[in-house]
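I open this notebook to record what I looked up in one structure, entry by entry. Each entry takes up one kind of feature.

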Amino acid sequence: DVSTHPTGIDLETRSCLHSQGSCVDVKACFHFTVHPTTYKPVIVLAYRFEADAERRKLGKASRVSFLGRNATDQEHEYSSVVTLPAQGVRSCVKATFKLQDDIKDKLRPIPVTLTYNIHQIVRPHV
């Protein structure tokens, strides 16, 4: 489940909480189920948001930069981990990106991709 807020971007409206400019929150929620239901692992997922990937492949600059990203992330990326404590329990994460001030391409959408993988499984003690 992935969503953005706001769903549309108004470049005239300054929406960043702690800086000048227009910001968008990207939210992703995860949950899992396993069989048998008596198996109760804790799963840690590594995830990454990436904005404007196709544009970057063409050698063009990204139109956004993620706020609070890791030092190893490029400006158009945000990565972290999320813990799923039990099956059926929903865990959500959020990242915020800021539009660059001088973007020229204002008409094309800014696609955001989410990739994730299992980083760790903590098996229950029996």
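The entries below cover the sheet, the disulfides, the salt bridges and the backbone.

**Entry 1. The model**

I note at the outset that this is a predicted model.

**Entry 2. The open sheet**

I looked up the sheet and its strand order. Three strands form an open sheet, and their order is β5-β3-β7. The pairing in this sheet is antiparallel.

For one pair I went into detail. Strands β3 and β5 pair in the antiparallel sense, and eight bridges link them. Across this pairing, Ile-43 stands opposite Leu-84 in β5.

**Entry 3. The disulfides**

How many disulfides are there? I counted two disulfides. Counted along the chain, the bonded cysteines follow the pattern 1-2, 3-4.

I took Cys-16 and Cys-23 to begin with. A disulfide joins them, with an S to S distance of 1.9 Å. The angle about the S-S bond of Cys-16 and Cys-23 is 90°, and the link is right-handed. Both Cys-16 and Cys-23 are buried.

I then turned to Cys-29 and Cys-92, whose sulfur atoms lie 2.0 Å apart in a disulfide. The link of Cys-29 and Cys-92 is right-handed, with 105° about the S-S bond. Why does this pair tie together parts that are 63 residues apart in sequence? I found Cys-29 in strand β2 and Cys-92 in strand β6 (residues 91-99), so the pair ties those parts together. On accessibility, Cys-29 is buried, with a relative accessible area of 8%. Cys-92 is partly exposed, and its relative accessible area is 37%.

**Entry 4. The salt bridges**

I looked up the salt bridges and found that the structure holds 10 of them.

In one, the side chains of Glu-50 and Arg-48 meet at 2.9 Å, N to O. Is Glu-50 buried or exposed? I noted that Glu-50 counts as buried, at 15% relative accessibility. Arg-48 is partly exposed, with a relative accessible area of 29%.

In another, the side chains of Arg-63 and Asp-52 meet at 2.7 Å, N to O. Arg-63 lies in the loop between α1 (53-57) and β4 (64-67), while Asp-52 lies in the loop between β3 (42-51) and α1, so the pair ties together parts that are 11 residues apart in sequence. I recorded both Arg-63 and Asp-52 as buried.

I also followed the salt bridge between the side chains of Arg-108 and Asp-105, at 3.3 Å, N to O. Arg-108 is exposed, with a relative accessible area of 58%. Asp-105, in contrast, is buried, with a relative accessible area of 16%. Salt bridges that share partners join Asp-52, Arg-55, Arg-63, Asp-105 and Arg-108 into one network.

**Entry 5. The backbone**

Where is the peptide bond from His-5 to Pro-6 placed, and what is its form? I recorded this bond as cis, with omega near 0°. Pro-6 is in the loop between β1 (2-5) and β2 (23-30). The peptide bond from His-35 to Pro-36 is cis too, with omega near 0°. I found Pro-36 in the loop between β2 and β3.

I came back to Asp-52, whose phi is near 60°, a positive value in a residue other than glycine. Asp-52 has its place in the loop between β3 and α1. At 2% relative accessibility, Asp-52 counts as buried.

Key:
Residues numbered from 1 in each chain as written. Predicted model: local features only at pLDDT ≥ 70, side-chain atom pairs only at ≥ 80, totals over all residues. Heavy atoms only, no water. Salt bridge = Lys/Arg side-chain N within 4 Å of Asp/Glu carboxyl O. Buried < 20%, exposed > 50% of the residue type's maximum accessible area, 1.4 Å probe, protein only. Helix = DSSP H or I, 4+ residues; strand = E, 2+ residues; numbered from the N terminus. Pairing = 2+ DSSP bridges. Disulfide = S-S within 2.5 Å.
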